[in-house]
Amino acid sequence: MTESANRFGIIRTPFARAVMEAVRVLVLGAIAWLVGLPLPSAVQAADVHPRLGVPITAETAARADPTVFADGRGLPPGRGNASEGQAVYGQRCASCHGPEGRGGHSGRLTRARSPLSSPPSPSASASAGRPADRTIAAFWPYATTLFDYIRRAMPNDRPGSLGDSEVYALTAYLLALDGIVAPEAEMSAASLPAVRMPNRDGFLRMDRPEPPRAR
Ligand code: HEC
């Protein structure tokens with residue numbers, strides 16, 4: 001320090017000091033400019049995102065939790081009847097479930113063969129018993145959860161791709177095939193919770209005790 005002070009001491013006149021000051025400002029300015037130069041692009045970089053997807057709409061956000069409860073809470077607007085449902089079924093469901101909900105390679109949907117409410121045969125052991133009949137009339141206690149399931153999970157190869165009115169129409173069609181609703185009935189948030197499924201009382205309610213809490 002002393003050395004450099006001596007070095008500058010040689011030119012310690014007011015003019016020289018002013019020149020040195022100007023040089024200092026220029027050098028510092030240049031450094032600041034050089035360091036500052038990448039700043040705008042760095043700021044831009046922070047602003048740049050992958051630009052994938054599109055901003056979420058309120059409708060999509062509402063569908064992020066599509067739960068429909070047994071009592072009908074959560075049912076969306078829309079409506080559909082069996083003849084509309086028949087058309088959608090032919091295009092989106094029949095390839096797996098067969099025409100009119102049976103005969104396809106995936107689960108049979110219509111014409112229950114053994115309602116769950118039928119008493120088990122005394123000779124049938126748990127392992128020897130037939131698998132549960134999972135047709136809609138036997139296996140679904142509420143039409144509202146059938147709507148929820150179809151909207152959420154079907155078609156199996158493209159779940160979530162159906163519009164709400166299409167799901168109402170499909171529900172109407174599948175229920176009408178088994179005579180649970182009239183062929184001309186229109187399903188909507190108002191009418192669907194009023195549908196009484198034929199096997200609603202064929203299920204056992206199990207109130208399981210809360211498991212002990214881990215400490
Ligand atoms: C690519 C084949 C495929 C298509 C298309 C398809 N499903 Fe399914 N579906 C399945 C399979 C597989 C299951 C069984 C899924 C499981 O148990 O996890 C199933 C199960 C179901 C069930 C539940 C049956 C039960 O009680 O267990 C319903 C109801 C249903 N599908 C309705 C539909 C409707 C309505 C459509 C048309 C929108 C449709 N499916 C299209 C393959 C398909």
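Predicted model: local features only at pLDDT ≥ 70, side-chain atom pairs only at ≥ 80, totals over all residues.

I begin with the largest nonpolar core, which has 33 residues; Phe147, Leu170, Ala172, Tyr173 and Leu175 touch the most other members. A nonpolar core here is a set of buried Ala, Val, Leu, Ile, Met, Phe, Trp, Tyr and Cys residues joined through C-beta atoms within 7 Å. Buried denotes a residue with 20 or more other C-beta atoms within 10 Å of its own, exposed denotes 12 or fewer, partly exposed lies in between, and C-beta atoms are placed from the backbone. Two or more residues of this core are given by each of α5, α7 (136–139), α8 (143–153) and α9. The largest share, 10 residues, comes from α9. Helices (H or I, at least four residues) and strands (E, at least two) are DSSP runs, numbered from the N terminus.

Residues are numbered from 1 along each chain as its sequence is written.

Let us turn to α9. Helix α9 is mostly covered, with 12 of its 14 residues buried. The elements covering its buried residues include β1, α5, α7, α8 and β2 (186–188). One of the buried residues of α9 is Leu175. Leaving aside neighbours within four places in sequence, Leu175 is in contact (C-beta atoms, placed from the backbone, within 7 Å) with Ala143, Ile180, Val181 and Val195. After α9 comes Gly179, whose phi is positive, near 70 degrees.

Which residues of helix α5 are buried? In α5 (residues 82–92), they are Ala82, Gly85, Val88 and Tyr89. Seen down the helix axis, these buried residues fall within an arc of 115 degrees, so they line one face of α5; the arc is that of the directions from the helix axis to the C-beta atoms. The face turned away from the buried side carries Gly90 and Gln91, which are exposed. Covering the buried residues of α5 are elements including β1 (79–81), α6 (94–97) and α9 (164–177).

Finally, the ligand. It is surrounded by 19 residues, of which the closest are Cys93, Cys96, Met154, Pro155 and Asn156; a residue counts as near if its C-beta atom, placed from the backbone, lies within 6 Å. Helices α6, α7 and α8 each supply at least two residues of this shell, and the largest share, 3 residues, comes from α6.

Definitions and conventions. Contact = placed C-beta atoms within 7 Å.
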